[in-house]
Amino acid sequence: MSEPKIIDGKAFAAGLRDRIATEVAKLKEENGITPGLAVVLVGEDPASQVYVRSKGKQTVEAGMQSFEYKMPETTSQEELLAKVEELNNDPAVNGILVQLPLPKQIDEQAVLAAIDPAKDVDGFHTTNVGLLGTGSDNGLVPCTPLGCIMLLRDHFDGNLSGKKAVVIGRSNIVGKPMFNLLLKESCTVTVAHSRTQDLPGEVRQADIVVAAVGRPEMVKGDWLKDGAVVIDVGINRIDKPEGGTRLVGDVDFASACERASAITPVPGGVGPMTIAVLLANTVTAACQQNG
Ligand code: GUN
């Protein structure tokens, strides 16, 4: 194989943010609406703090209102539920995101269930999960998988119909919604996971491979079909032999480049798409709430 196309998620996300900023400016001017996104961070997880800061910055850069709530690690479930209720009732807030993971004293599902589905810009509420699972276009869709689909649609000029796709990973945040989105695009979809018996054999069948397992460089190039398109959702920090650390995906990039026809790099592939799609979901939510 010749060198694969490198799918530039960073550039795609920048373009998407520009289009969102234009739409936000138009909403303000024509309808007097400024979309607002509220992010709730419980505890001090350093990775979550970085994400939340970045979300706030990009929200403001797109011309939207950003509301940030930092709550202590010791926050009780009742206190967090009260915050969610306050945001559900605040008309300036169109989107609510409670950063996961939550401290262990808090029942994550109970918190997600308390978010108004119309403001659930993460798409994690069972109402939105159900809408996606029944093929509806009316719900809000989880950001990372929706970002992956945008990259795939762009690569295949909008037509994924009949492609064989393998999703590796069955999480509620990526794997399961990815399955539903690929099915909606009329792909033939296999979901592989830690108990899959012959993972290389499953991957070998696939025109499209989406890796979302959280294991550094697990998917090897010689598992791939020639010409496969590879979407790597993994972001893993590993130690370099010479000291220091580097970011790698769930796919062994160097060997995958020998077989793939296109691949997302890490960093600069799927990662930058997540926040851009979150902003897009916030605009969608604001438009739906304002009829
Ligand atoms: N933590 C890691 N990814 C996500 C995400 O997509 N949404 C939320 N709320 N928390 C996360």
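Around the ligand stand Leu 97, Val 98, Gln 99, Leu 100, Asp 122, Cys 143, Thr 144 and Ile 173, and the elements that contribute two or more residues to this shell are strand E4 (95–98) and helix H6 (143–155). The model is a predicted one, and its domain assignment gives domain 1 (32–116) and domain 2 (142–272). Because both of these domains give residues to the shell, the ligand lies between them.

**Ligand shell and domains**

- By residue class, the shell around the ligand divides into 5 nonpolar residues, 2 polar residues and 1 charged residue.
- The centres of domain 1 and domain 2, taken over C-alpha atoms, are separated by 28 Å.
- UniProt, in an unreviewed entry, lists residues 142–289 as "domain: Tetrahydrofolate dehydrogenase/cyclohydrolase NAD(P)-binding"; in the model this span is 35% helix and 19% strand, and the C-alpha atoms at its ends lie 18 Å apart.

**Nonpolar core**

- The largest nonpolar core has 83 residues, and Val 167, Val 209, Val 210 and Val 230 are those with the most contacts inside it.
- Helix H10 (residues 271–289) supplies the largest share of this core, with 10 residues.
- Domain 1 (32–116) and domain 2 (142–272) both give residues to the core, so the core, too, lies between them.
- As general background, nonpolar side chains in soluble globular proteins tend to be buried together.
- When residues up to four places away in sequence are not counted, Val 167 touches Gly 175, Met 178, Phe 179, Leu 182, Val 189, Val 191, Val 210 and Ala 212; of these partners, Val 210 is also named among the residues with the most contacts inside the core.

**Annotated binding-site positions**

- Under "binding site", the unreviewed UniProt entry lists Gly 169, Arg 170, Ser 171 and Ile 235.
- Gly 169 is found in the loop between strand E5 (164–168) and helix H7 (175–184), and Arg 170 lies in the loop between E5 and H7 as well.
- Gly 169 is buried because 23 other C-beta atoms lie within 10 Å, where 20 or more are needed for that class.
- Arg 170, by contrast, is partly exposed, since 18 other C-beta atoms lie within 10 Å, a count that falls between the limits of 12 or fewer for exposed and 20 or more for buried.
- Leaving aside residues up to four places away in sequence, Gly 169 touches Val 174, Gly 175, His 193, Ala 212 and Val 213.
- With neighbours within four places in sequence left aside, Arg 170 is in contact with Gly 175, Lys 176, Val 191 and His 193.

**Arg 17 in helix H1**

- Arg 17 is found in helix H1 (residues 9–31) and is partly exposed, with 18 other C-beta atoms within 10 Å.
- Although Arg 17 and Val 277 are 260 residues apart in sequence, their C-alpha atoms are 8.5 Å apart in space.
- Not counting residues up to four places away in sequence, Arg 17 touches Gln 58, Ala 62, Ala 276 and Leu 279.

**Thr 245 in strand E10**

- Thr 245 has its place in strand E10 (residues 245–248) and is exposed, because 10 other C-beta atoms lie within 10 Å and the class takes 12 or fewer.
- Thr 245 touches Arg 237, Ile 238, Asp 239 and Lys 240 when residues up to four places away in sequence are not counted.
- Thr 245 and Pro 142 are 103 residues apart in sequence, and 29 Å separate them in space, C-alpha to C-alpha.

Methods
Residues numbered from 1 in each chain as written. Predicted model: local features only at pLDDT ≥ 70, side-chain atom pairs only at ≥ 80, totals over all residues. UniProt positions renumbered as here; feature names shortened; annotations may be inferred. Helix = DSSP H or I, 4+ residues; strand = E, 2+ residues; numbered from the N terminus. Near = placed C-beta within 6 Å. Nonpolar A, V, L, I, M, F, W, Y, C, P; charged D, E, K, R; others polar. Domains from an automatic or database assignment. Core = buried A, V, L, I, M, F, W, Y, C linked by C-beta atoms within 7 Å. Contact = placed C-beta atoms within 7 Å.
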